[in-house]
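Please read this note with the sequence and the structure side by side.

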Amino acid sequence: MAARLSAEQKRGIGLVAAPFSYAIMLLAVPLLAIVLFSFWTQDFMDVDTTFTLNNYREIVEKPIYFSLLQRSLYVSLCVTLVTVVLAYPVAYFVSFKVHPSRKSLWLFLITIPFWTSYLIRVFLWKVILGYNGVINSGLINLGIIEEPLTFILYNVNAVIITLAHAFAPFAILPIFVALEKIDRSLLEAAQDLGESKLMTFLRVTLPLSMPGLVAAVLIVFIPTIGDYVTPELMGGAGGKLIANMIQVQFLQLNNAPLGAAIAIVAMLSVTAISLLFVFLNRRWLRGRS
Amino acid sequence: MSELIKLTGVQKYYGDYHALRDINLTIDQGEFFSLLGPSGCGKTTLLRTIAGFEGVSSGTVMIAGRDMADVPPNLRPTNMVFQSYAIFPHLSVAENVAFGLRKSGMSKADKATAVDEALTMVGLAGYGARAAHALSGGQRQRVALARALILKPKVLLLDEPLSALDKKMREHMQVELIRLQRAVGITFILVTHDQEEALVMSDRIAVMFEGEIGQLADPETLYRRPNSRRVAEFIGKMNFINGTASATDEGAKVLVPGLGKCTIPAEQFPQGVTTGEVAIGIRPETLAILFEGDKAPRHEAEAVVDEVVYYGDMTYYDVRVSEVEKPLTIAMKNLIGRPVLDVGAKTRIAWDERSLVVF
Amino acid sequence: MKLRIYALAYLLFLYAPIILLPLFAFNDGTIIAFPLSGFTTNWFAELTENKALHAAVRNSLFIALMTAIFSTLLGMCAARAGAMANFPGKRGIIGFVMLPLVLPEIIVAVSLLVILRQVLGVNLSNWTIIAAHVLICTPFCIAILNGAFQNLDPSMEEAALDLGESRWSAFRLVTLPLVMPGIISSMLIAFTISLDEFIIAFFLTGTNPTMPVYIWGLLRFPASLPVVMALGTLLVALSIILLTIAELLRRRGIKRAGGTDKGGFL
């Protein structure tokens with residue numbers, strides 16, 4: 001096999017070896033390590049390395065873990081739905097309505113907030129949604145409400161709004177890329193063949209942009225499960241999520257094996273839902289064609 | 001002329017794909033040689049094995065009597081004009097042309113003189129200070145030529161150098177390349193898919209199909225005596241009629257349906273004289289519509305005009321003759337006083353058995 | 001038209017927190033709420049006196065600089081291999097290197113914590129954070145550098161070889177100058193990400209906190225919030241400047257290599 005590789009292929013393998021071995025050492029090996037840890041137990045300051053399913057048993061038996069996981073998945077799904085639905089028209093607008101020379105500028109403007117001061121951005125949502133916050137004082141000044149709204153801070157809603165804001169560019173970019181790839185003459189062809197603008201969108205644009213939509217869903221859904229900053233700052237007592245629990249196990253209770261098991265369960269649930277989504281989407285697309 | 005490049009039994013595989021099949025070829029000093037073929041026939045791969053960008057799976061590449069097996073491209077006595085020209089966009093025209101002189105040990109003044117000479121040779125005198133990205137397609141090509149020729153290679157390799165230019169510019173550059181090649185006396189190897197370009201420019205042409213050389217000959221032989229049907233179909237236009245032949249001592253008696261009988265010598269059977277079913281090839285310009293006052297031809301036949309395509313200098317007729325299903329194409333010069341026939345017109349056509357090729 | 005209004009409203013939503021930041025940074029009041037009470041630059045002045053903050057900023061700048069260098073180097077290797085001939089498993093290998101892009105950060109954080117502390121027994125320090133930041137920044141660097149490398153005509157380097165240069169000098173004289181804007185842009189992005197990253201840094205930080213970890217501590221004390229606003233304003237301004245430079249360079253790089261801009265960092 002190796003003898004069949006051309007000189008250029010060998011150089012390519014040599015080049016990719018550096019980032020690949022880095023990812024093996026700092027990603028694959030550590031991931032394996034937490035899998036291993038999840039089958040061990042914490043014994044005060046030491047780790048007991050006898051194989052056990054106790055950590056997983058505890059997660060299944062204690063309702064706190066299940067309800068946290070359930071709430072986390074619910075939040076992630078809501079965030080994904082909100083971000084993708086809000087993002088699609090923006091991606092569509094930039095791809096179809098903005099002059100080509102200004103597309104980069106729009107994308108740039110959309111991505112900037114994503115790169116800046118994550119912690120402070122999350123904190124400022126507290127200022128916007130808070131008891132004396134921008135929204136409440138604004139609405140009171142306008143005379144729309146008399147008492148400040150309280151359902152928008154220190155609960156799950158606040159977490160969803162803040163996360164949706166944080167992940168917005170992640171949803172816009174893949175959809176935009178997919179829309180850009182669509183040959184514009186296809187849309188003209190559909191209208192030429194007698195479809196209305198709306199039907200053209202539903203029968204041509206939407207199915208062709210589906211890969212971007214799927215990418216957007218995955219790229220928002222999977223990472224949101226791992227955020228503990230937003231629920232910590234915005235969620236109040238009832239808005240804590242599974243990531244907070246992982247963080248507490250590792251950094252406060254010093255129970256790395258249980259934390260590892262929770263992390264794996266969370267990861268597996270997210271992966272399972274993602275795979276199910278991809279599978280259903282494929283079935284749907286195939287069913288149409 | 002002395003032998004400069006010798007390829008012996010060159011094979012090239014990409015995985016399971018057989019890109020070059022047993023190529024044997026010699027190219028002489030000072031020759032203008034073309035590799036012609038449809039896309040994917042291996043002509044560019046062959047050029048790149050000569051340049052050293054591709055290794056060979058087996059066989060040898062010799063340049064000036066030296067085996068090139070372990071010689072990387074930067075140490076081969078070849079230089080290349082790339083299809084995209086690969087003009088370095090971050091350098092000026094002069095810096096591009098002087099690129100290969102970096103390790104030459106020449107003084108700055110000598111380099112400048114050499115660059116000026118090279119630019120003058122390609123008709124770009126005074127362009128040295130320009131930015132490379134501000135050049136037109138034709139100018140880029142001239143810079144690419146100057147950049148390669150300044151190193152005085154034994155062989156200049158040209159990978160589809162004219163394909164990016166418009167038709168007028170292409171025809172102009174064909175003539176310039178011929179002139180340039182004669183002036184410098186360097187061996188040129190040109191890769192092209194344009195048969196006309198190859199015919200116009202080359203001393204010899206190798207026609208390639210699916211990794212092998214189908215025919216290697218000078219342009220006239222290639223055009224008049226293609227050695228196979230696929231070469232005949234690739235070079236120019238050719239009518240084919242299915243006829244019958246019966247071999248004789250010097251050749252064969254051939255019955256051309258719709259046209260008549262004739263005797264054809266063995267040299268017009270590139271694959272050997274056969275008896276039985278044959279395919280007879282006739283070039284459109286060797287057929288003629290007979291107009292009033294034309295000299296009596298060697299042979300003539302009845303025909304009906306089926307289609308007329310008017311090109312200005314030429315008119316292409318598709319005519320039907322009896323017993324032949326497909327119409328025959330005839331190319332006629334639009335001489336003074338010669339009318340253009342209408343579709344459906346009955347006419348007589350002239351043919352000559354000396355122009356036939358039988359497979 | 002309706003779509004344009006929606007898109008502008010969406011941008012406003014995206015920028016809402018950032019717009020508020022300078023308002024409170026210059027507000028002469030200790031409570032972060034409306035109404036505003038007056039103009040002051042006190043909070044910025046306080047920034048200059050906070051020794052612990054200065055140490056945290058120094059740490060973060062060091063970490064970000066190292067991360068920028070190493071992740072860009074790894075990104076260059078991957079992007080260059082990506083632009084070269086296919087070899088068996090190439091897509092899988094590059095896909096694996098890009099994986100941290102979609103992995104929840106907390107998973108990366110805890111798995112690295114386990115391997116570094118419990119298995120290898122390494123003391124947490126700036127270098128443990130750098131190791132993790134390089135891992136998560138490399139995919140972004142690859143994405144940016146891919147643009148630079150794939151727009152490059154492969155015959156450029158071949159032409160240099162053909163004109164007598166060795167492989168390394170062909171890379172140095174032709175490829176490197178052409179992808180340089182992409183390299184700088186990649187370093188700036190990696191720098192910005194690392195400077196701002198909190199989730200992983202919080203797990204892997206040693207005795208000296210990074211700037212985001214230090215800010216996290218401040219967020220619990222209402223009295224220190226105006227100072228945080230002032231710091232945030234400076235950081236946002238810095239990020240916008242760095243990102244603008246990165247974007248301009250990325251575009252110039254694509255132009256220089258003779259490609260067309262397809263837009264966006266990703």
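The points below take up confidence, the individual chains, their contacts and the nonpolar core.

1. Basis of the note. This is a predicted model, in which local features need pLDDT of at least 70 and side-chain atom pairs count only at pLDDT 80 or more, while totals for chains, interfaces and linings use all residues. Residues are numbered from 1 along each chain as its sequence is written, and chains are lettered from A and ligands numbered from 1 in the order in which they are written.

2. Confidence in chain A. The average pLDDT (the predictor's confidence in each residue, from 0 to 100) is 86 for chain A, and 98% of its residues score at least 70. Within chain A, helix H3 (residues 63–97) has the highest confidence, with a mean of 92, whereas strand E2 (residues 46–48) has the lowest, with a mean of 76. Helices (H or I, at least four residues) and strands (E, at least two) are DSSP runs, numbered from the N terminus.

3. Chain C. Eleven helices and zero strands make up the secondary structure of chain C, and its C-alpha trace spans about 70 × 60 × 35 Å along the principal axes. Of its 266 residues, 53% count as buried, where a residue is buried if 20 or more other C-beta atoms lie within 10 Å of its own, exposed if 12 or fewer, and partly exposed in between, with C-beta atoms placed from the backbone.

4. Chain C against chain A. How many residues of chain C are in contact with chain A? There are 71, and they meet 75 residues of chain A, two residues being in contact if their C-beta atoms, placed from the backbone, lie within 7 Å. On the side of chain C that touches chain A, helix H1 (residues 2–25) of chain C gives the largest share, 14 residues. By class, this side of chain C has 56 nonpolar, eight polar and seven charged residues; Ala, Val, Leu, Ile, Met, Phe, Trp, Tyr, Cys and Pro count as nonpolar, Asp, Glu, Lys and Arg as charged, and the others, Gly among them, as polar.

5. The largest nonpolar core. A nonpolar core is a set of buried Ala, Val, Leu, Ile, Met, Phe, Trp, Tyr and Cys residues joined through C-beta atoms within 7 Å. The largest one here has 279 residues, and those with the most contacts inside it are Ile175(A), Ala263(A), Ile189(B) and Val110(C). Helix H7 (residues 156–181) of chain A gives the most to this core, 19 residues. Leaving aside neighbours within four places in sequence, Val110(C) is in contact with several residues, including Ile34(A), Phe250(A), Ala263(A) and Phe203(C).

6. Two domains in chain B. Chain B is divided into domain 1 (3–230) and domain 2 (237–358), with bounds that come from an automatic or database domain assignment. The C-alpha centres of domain 1 and domain 2 of chain B lie 39 Å apart, and five residues of domain 1 are in contact with four residues of domain 2.

7. A sheet in chain B. The secondary structure of chain B comes to eight helices and 20 strands. Five of the strands form an open sheet in the order E13-E12-E11-E14-E20, with antiparallel pairing; two strands pair if DSSP finds at least two bridges between them. Strand E13 (260–265) and strand E20 (357–358) of chain B are the edge strands, each pairing on one side only. Strand E11 (residues 239–247) and strand E14 (residues 276–282) of chain B are joined by seven bridges, and the bridge partner of Thr244(B) in E14(B) is Glu277(B).
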